Amino acid sequence: MAEKNYEFREEMCKVHKANRRDESKKPTDGQITFDESYAITVDCALEGMEKEVVLNAASDLSDYFSVSMGINIAVKCESEASGNIIFYKIDKTLPLDSYRVSVSDGQVILTGSSARMAAQAGYYIEDLMNLEEAPFLTKGEQERSHIFRTRMTHSGVGLDMFPDEHLISIAHAGMTSILIFVKGINTTPHGYQDFNEICLRAAKYGLDVYVYSYLRSYRYPNGKKAEEFYDGLYGNLFEQCPHFKGVIFVGESCEFPSKDRENTTGMLRLENKDFDGNPIIKNRMSPGWWPCYDYPIWLNMVKKVIRAKKPDAEIVFWTYNWGQRPEESRLRLIRNLPKDITHMATFEMGCPIVHDGIEHPSADYTIYFEGPSNYFTSEAKCAKECNLPMYSMTNTGGRTWDVGVVPYLPVPYQWMKRYESMRYAHDNYSLVGTMECHHYGFTPSFISELAKWAFSNPPVDLDAMLKKIVKRDFGEKCVDKVCEALKCFSEGINQMIATNPDQYGPCRIGPAYPFVLFKGTDLEIPSEPIAMFGKNRITKPVYSYGLYNEPRQNLFLHELECFKKTVEFYKKGCEIIDGILPLVPDKKKETAIKIRNIGEFIGRTAQTTINIKEWYQIRVFLPEKSGDEKNKMLDGLLEIARREMQNALDTIPLVEFDSRLGFEPSMEYMCDRAHIEWKLGLLQKVIDEEIPALYDK
């Protein structure tokens, strides 16, 4: 039966996977076995929010035993617990962001350096038992720590939607914080939300909440009136909503009327328009897209009014919008930043990428290039010199813009390259925190699970860990073949060169992407009214690529050949998984099929990209042709159109089996059955009416 739209949320709100236990497993001599003689309890000396966080973690562990292992282990008061126990406590002498797990006969002690880390100790033993597929733990003591002090994520359920179950899953993934888009007090792009309520609710699971600022800075940050303005904007926000941990500022969302007129318009982007919507000042950037010399003045002002209301508020300044500007200008700004804020740079963007000896520009967030970019490295070195703590947008929740409407990219071997690079940046620069995703959000997966292992100490062998995860999810007989398939997926994504025309085109919305010829170039993609980026806002429905000279044409042709390789890698990967599906135990089959189907969806998105590139190549040059040559080109368009229609039709079963495919939180649904059928209707009209009318007789 086909899943209805948004039905994936029901699955996402199941924190623990049911029936993980393999009854055939037997403990070794060095293991203990949990049973109903155990009780879970917490240190009775804990108080306030610390106690609430740890009690919630204890309840979560009890739920885990019940749902995943089929054992009823109750949470009891310390005074009532006797015999075999699992005991949560806090020891603030432990190193920061660390926990200790001590396992002996009849006693498991979970100790954290904080309430959050005590909870992580419980999640850790869940991870171990999941890999074991049995309620067994090996005796002994181990201490582990998280290498990043902050790991932030947006919601994968829906834009700024955080039900308790999603908060718990986020905490399970080792993340520390959530992000909310803020347009005003208790106001998000979707409307009203009680910020204090969500902050207090998140705190119960050991999670902080950061503001992602959409507040508009209309006044220059100097003088008494400026302070009144910014106090009314940011000071008031933190006075009314004091539980926010901090705020993220990024150029396009926090630009102000800069006096850096040499490099910018000095006007906010939306104000630089005349009555006809044309730019008033041309050929210069808005301040949000340039490292203006007076950003430190602005930051000192907002810092002053925020910290007057919340002294420990964290100010995070993200240089995303000018990552491709001259290094000298960027580093000059970093050196002049206030020393009590946090600097942030995107990990992989901002530099050309050489593929097969050919240099290509790279677009936004991608795992095609594992990083780090020259932009990131230059700023990381500078931040270290300036003793500034640094965060990075890393996409390690498992998503990028390489394929915009999948829950995660099942390309572990490519992700592992990024994890390794990030650990290097942590050890050698001042990288202490991450933003794990942007508005496309976080969906728990084996990729986010692998990231959690990658960002902990002592380090583990990630190849070996991946095999353990595959064994758990597919069965022991399938490990080698599934890893072979995942290598195909990883190599396939490594061929998807991340360019703007593709990321803002077919790769954004997949096989629902429309094929426009000469009519209908003003079309609007249908979308939900509530979508923050609905319709055409971050998708260009008419494909465009600058084929104005031979070098550009050669880049285009090289990208086309690379996408063809992607299709072949994903076909091969899916065929491998299809071959082992009969060996997958019944209770694991749905998970296996969903991973396989994500792979097929990515392959079909790559095929759509091939088809639109070939379509566009004919479309650009068709007007200058005539006679037989023109008619042959029109025949080619018909062939491409029919090929793409079949590709889109073959995508429908995938999005109906898994309602998460085709969805993205800021755009809502863009590649569900309805959108694919909309695209097919447009394409059929081009086949039936527009192309036949163009033939020369």
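Guide: Lys-565 has a relative accessible area of 38%, so Lys-565 is called partly exposed. The cut-offs are these: buried is under 20% relative accessible area, exposed is over 50%, and partly exposed is in between (1.4 Å probe, protein chains only). This is a predicted model: local features need pLDDT of at least 70, side-chain atom pairs count only at pLDDT 80 or more, and totals for chains, interfaces and linings use all residues. Residues are numbered from 1 along each chain as its sequence is written, and side-chain values use heavy atoms, with hydrogens and water left out.

Visitor: Why does Asp-356 count as exposed?

Guide: Its relative accessibility is 52%. Exposed means over 50%, so Asp-356 counts as exposed.

Visitor: What makes Asp-356 and Lys-565 a salt bridge?

Guide: A salt bridge is a side-chain nitrogen of Lys or Arg within 4 Å of a carboxyl oxygen of Asp or Glu. The closest N and O atoms of Asp-356 and Lys-565 are 3.8 Å apart. Helices (H or I, at least four residues) and strands (E, at least two) are DSSP runs, numbered from the N terminus.

Visitor: How many salt bridges does a search of the whole structure find?

Guide: The search finds 46. Another joins the side chains of Lys-535 and Glu-524, at 3.5 Å from N to O. Lys-535 and Glu-524 both lie in the loop between helix H16 (506–509) and H17, so the pair ties together parts that are eleven residues apart in sequence. Lys-535 is at 40% relative accessibility, so Lys-535 counts as partly exposed. Glu-524, at 47%, also counts as partly exposed.

Visitor: How do you know that Lys-625 and Glu-629 meet in a salt bridge?

Guide: Their N to O distance is 3.4 Å, and the limit is 4 Å. Lys-625 is partly exposed at 24% relative accessibility. Glu-629 is partly exposed at 45%. Elsewhere, salt bridges that share partners join Glu-561, Lys-564, Glu-614, Glu-639 and Arg-643 into one network.

Visitor: What makes strand S3 and strand S5 a pair?

Guide: Two strands pair if DSSP finds at least two bridges between them. S3 (residues 84–90) and S5 (residues 107–112) have six bridges, in the parallel sense. Ile-85 stands opposite Gln-107 in S5.

Visitor: Why are S2 and S20 said to stand at the edges?

Guide: Six strands form an open sheet in the order S2-S3-S5-S4-S7-S20, with mixed pairing. S2 (38–42) and S20 (456–457) each have a single partner strand, so one side of each is left without a neighbour in the sheet.

Visitor: What makes a space a cavity?

Guide: On a 1 Å grid over the protein atoms alone, a cavity is a set of points where a 1.4 Å probe fits but cannot get out. Lining residues have an atom within 4 Å of a point. Grid points are joined across faces, edges and corners, and a volume is the space filled by probe spheres set on the points. The search finds six cavities of 30 Å³ or more.

Notes. 1 Å grid on protein atoms, 1.4 Å probe; cavity = no way out; pocket = protein on both sides within 12 Å on 5 of 7 lines; lining within 4 Å.
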